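Visitor: I would like to go through this sheet and ask what each label rests on. Shall we begin?

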Amino acid sequence: MDLIQFQRLFDKEPGYRLEQAKKALFHDLIQNWQTAKTLPLSLREELNKKWPIEIPAKTFISKDRNTTKALLTLKDDLKIETVLMRHKPRSRASSLQGRDKRNTICVSSQVGCPLNCSFCATGKMGFERNLEVWEIVEQVLFFARYLKKIKEKVTNIVFMGMGEPFLNYQNVLGAIRILNDKEGFNLGARHFSISTVGIVEGIEKLAKEKLQINLAISLHAPNDELRSKLMPINKKYPIKKILNAVDDYIKKTRRRVMFEYIMIKNVNDSEEHAKTLVRLMKKPLYFVNLISYNFTGIFKSSPASRIKKFKEILEKEGVTVTQRYRFGEGIEAACGQLVAKDGRK
Ligand code: SF4
């Protein structure tokens with residue numbers, strides 16, 4: 001299913017019908033064409049037959065209720081996972097005013113992943129195929145419908161789920177265009193983030209797009225030797241090559257770039273690692289996001305005290321650092337844990 005196929009169904013209809021259908025789909029968030037009352041019955045029946053919009057999925061909710069994982073079944077019966085993270089308002093005042101209320105969807109771009117990073121469960125399941133544009137959009141629609149029931153909205157979309165987004169560049173950008181389009185889902189470009197292992201061609205292409213979306217680099221190690229052990233793709237795209245592409249991206253876009261760093265106990269979390277990282281990250285518009293590692297079988301998470309020390313070293317040297325709150329523990333929905341197995345709790 002794609003949008004062109006969808007638009008063709010309106011070839012013989014008056015011009016405004018397509019607009020009405022898009023409004024029902026992206027704004028009213030209908031689950032079935034039968035409920036699109038602005039459309040004539042015959043058209044609703046035809047749409048239900050030729051372009052159904054039900055999204056088969058199973059959901060799993062974390063104990064603290066901040067994270068929901070959806071296991072979506074695709075038309076060829078393959079499965080992907082998508083995660084909703086509900087961020088709590090930072091203060092009671094902002095809670096009362098409805099400020100700071102963020103609902104972030106972590107979207108998958110591939111079924112599995114070919115890159116086999118050693119700390120990642122998705123990499124272990126191998127690679128099946130790229131997702132189509134509509135399969136990416138559906139992940140967001142699924143949670144937009146889910147949130148509508150509690151009168152909330154999707155506020156952010158991050159491409160940090162299964163797969164490497166820049167290995168499916170065309171379809172990821174195609175989905176972002178629909179989700180950003182005023183006649184589509186209408187979410188502002190600044191609310192999208194793409195996280196890449198550092199596929200240089202993708203960074204170069206993104207720099208030329210006229211879209212103000214955010215770029216994040218999964219760095220996870222401060223030197224090539226360690227990074228190649230953790231992420232085999234580093235042999236093709238070593239750190240220097242990635243940073244050159246990022247510098248060029250920043251020159252063209254004037255946008256900040258986030259470097260994600262998963263803290264793995266006794267692997268990449270020493271004071272020496274922090275000092276080496278400082279040398280790479282001390283640049284304007286660079287910032288580091290430290291992420292607690294989520295257990296996937298091989299490594300352990302760095303203790304909180306080690307993360308604190310690591311952060312202090314970076315900050316003392318003038319590097320901007322943020323720390324990511326843990327989401328999705330207990331339902332295997334956290335960063336690096338998505339594997340699309342059925343029936344897990
Ligand atoms: S961390 Fe990302 S790029 Fe690496 S194997 Fe997992 S999904 Fe693929």
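Guide: Gladly. This is a predicted model. Start inside the sheet: Leu84 has Ile105 in S4 as its bridge partner.

Visitor: What makes S3 and S4 a pair?
Guide: Pairing takes at least two bridges. S3 and S4 are joined by 5 bridges and run antiparallel. They therefore count as paired.

Visitor: How do you know that S2 and S3 pair?
Guide: The cut-off is again at least two bridges. S2 and S3 have 7, in the antiparallel sense. One example is Thr67, which stands opposite Met85 in S3. The two strands form a hairpin with 5 residues between them. In that turn, Asp77 has a positive phi of about 70°.

Visitor: Why is S3 called largely enclosed?
Guide: Buried means under 20% relative accessible area. In S3, 7 of the 9 residues are buried, so the rest of the structure largely encloses this strand.

Visitor: What packs on the sheet there?
Guide: Helix H6, residues 133-148.

Visitor: In which sense do S9 and S10 pair?
Guide: Parallel, over 4 bridges. Within this pair, Leu215 is bridged to Val257 in S10.

Visitor: What is the strand order of the open sheet?
Guide: S1-S2-S3-S4-S7-S8-S9-S10-S11-S12, 10 strands with mixed pairing.

Visitor: Why are S1 and S12 said to stand at the edges?
Guide: S1 (57-61) and S12 (321-324) each have a single partner strand, so one side of each lacks a neighbour in the sheet. From one strand to the next, the twist averages 25°.

How values were computed
Residues numbered from 1 in each chain as written. Predicted model: local features only at pLDDT ≥ 70, side-chain atom pairs only at ≥ 80, totals over all residues. Heavy atoms only, no water. Axes fitted to C-alpha atoms, helices over the stretch in contact; angles between N-to-C directions. Contact = heavy atoms within 4.5 Å. Buried < 20%, exposed > 50% of the residue type's maximum accessible area, 1.4 Å probe, protein only.
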